[in-house]
Each structure stands twice: as C-alpha cells, then as structure tokens.
Amino acid sequence: MAQIRDQELLQKIALRLKRLRDKKGVSQEDVLNETDIHIARVETAKVNVSVSTLSKLCAYFDVSLSEFFKGI
C-alpha cells in the first residue's frame, strides 16, 4: 500500500513544531539529543511524520496532540 502524503498538512505540522521549538528555546540538535528524533527532517516537511513520533514530540514540548492540531 502506498503511503499518503499531504504536503500542505506536512508544512503546517513543520511550522507548528518549529514555533514550539523556538518557544522552548532549544536547537534541533537539543531535540535530537533529548528525544532521539531528527526534527530537522520533520521541520522541513521531508518526512511523513508518524503519530507516535508526533506524540513523543508533543510530550517533549508539553502540549497535547489535540492542542497541537488546533489551528492546523
């Protein structure tokens, strides 16, 4: 089965994550070191981020998944 890829949605997710990272005042390298997630690839919308990865990032940024998706 082919993977579905909604580029517009991925761009919105990427922007939301970048804003959360900026608000927390951490670098992409900090996120990688603290979560083992290469957020640079997600922030550039180059990967179709999984729900599990997104959930882990939300926990790191202290927001719920539902809060994350508000406004997207």
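Let us begin with Phe68, which touches Ile13, Arg16, Leu17, Leu20, Leu54, Cys58 and Val63, leaving aside residues up to four places away in sequence; contact means heavy atoms within 4.5 Å. This is a predicted model, in which local features need pLDDT of at least 70, side-chain atom pairs count only at pLDDT 80 or more, and totals for chains, interfaces and linings use all residues. Residues are numbered from 1 along each chain as its sequence is written, and side-chain values use heavy atoms, with hydrogens and water left out.

Phe68 also belongs to the largest nonpolar core, which has 16 residues; Leu17, Val31, Leu57, Phe61 and Phe68 touch the most other members. A nonpolar core is a set of buried Ala, Val, Leu, Ile, Met, Phe, Trp, Tyr and Cys residues joined through side-chain atoms within 4.5 Å. Buried means under 20% relative accessible area, exposed over 50%, and partly exposed in between, with a 1.4 Å probe and protein chains only. Helix H1 (7–24), helix H3 (39–43) and helix H4 (51–60) each give two or more residues to this core, and H4 supplies the largest share, four residues. Helices here are DSSP runs (H or I, at least four residues), numbered from the N terminus.

Next, consider Thr35, in helix H2 (residues 28–35). Is Thr35 buried or exposed? Thr35 is buried, because its relative accessible area is 4%. Its side chain reaches the backbone oxygen of Val31 at 2.6 Å, and Thr35 touches Lys56 and Tyr60, again not counting residues up to four places away in sequence.

I turn now to the charged side chains. How many salt bridges does a search of the whole structure find? The search finds four, where a salt bridge is a side-chain nitrogen of Lys or Arg within 4 Å of a carboxyl oxygen of Asp or Glu. One of them joins Lys12 and Glu8 at 3.4 Å, N to O. Lys12 and Glu8 are separated by about one helical turn, because they are four residues apart in helix H1. Lys12 counts as partly exposed, at 38% relative accessibility, whereas Glu8 counts as exposed, at 53%.

Lys18 and Asp22 form another salt bridge, with their closest N and O atoms 3.2 Å apart; both residues lie in helix H1. Asp22 also meets Arg21 in a salt bridge, at 3.9 Å. Salt bridges that share partners join Lys18, Arg21, Asp22 and Glu43 into one network.

Conventions:
A polar contact is a pair of N or O atoms within 3.5 Å; within protein, one must be able to donate a hydrogen and the other to accept it, and residues adjacent in sequence count only if both atoms are side-chain atoms.
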